[in-house]
Amino acid sequence: MPPVEKYFEIRSLGHFSEFRSFNQAKSAFSSDLTLSLRSDIPRVFFDPAPLVILDPLASGTKYDAIMKLRDNVDGYAVAILMNDPGASLLDYIGTHRGSDWKKIMGEIEIASASLGDEFDLH
């Protein structure tokens, strides 16, 4: 397992789930972050936005994707972890072809920008 926590501090700032609490999600973070996504954590910090990293094999409570929608601010990267416990993100996108993904991504970008502004990252 890559030693992500040794080199990067990861903080949970927000949460939305219909099946578990914020504390439950935080306590399961290490087991829910797949090896594939864990290996790409350095990209979240070092690569410019926009960045989407997928684990198409994730299932259950495992995270399907990491999204970085804006560049780092004051040395901090803000990213969104996404999970659909019923399917992988790619399955979801494949079954929702009529959805306006540009609009959805715009709304996620607005939410991530407000997260960065709302929380003191220091």
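**Notes on the aromatic pairs**

1. Start with the rings: F8, F45 and F46 are linked into a cluster by ring pairs. A pair here means rings of Phe, Tyr or Trp (its six-membered ring) with centres within 6.5 Å; planes under 30 degrees apart are called stacked, over 60 edge-to-face, and the rest tilted. By that rule there are four aromatic pairs.

2. Before going on, keep in mind that this is a predicted model: local features need pLDDT of at least 70 and side-chain atom pairs count only at pLDDT 80 or more, while totals for chains, interfaces and linings use all residues. Residues are numbered from 1 along each chain as its sequence is written, and side-chain values use heavy atoms, with hydrogens and water left out.

3. Now look at F29 and Y63. Their ring centres are 6.3 Å apart and the planes sit at 50°, so this pair is tilted. F29 is in helix α3 (residues 29–32) and Y63 in the loop between β1 (51–54) and β2 (65–68), so the pair ties together parts 34 residues apart in sequence. Helices (H or I, at least four residues) and strands (E, at least two) are DSSP runs, numbered from the N terminus. The C-alpha atoms of F29 and Y63 are separated by 9.1 Å.

4. Buried or exposed: which is F29? With 13% relative accessibility, F29 is buried, and Y63 is buried too. The cut-offs are under 20% relative accessible area for buried, over 50% for exposed, and partly exposed in between (1.4 Å probe, protein chains only).

5. Back to F45 and F46: this pair is edge-to-face, with 5.0 Å centre to centre and 90° between the planes. F45 is partly exposed at 29% relative accessible area, whereas F46, at 59%, counts as exposed.
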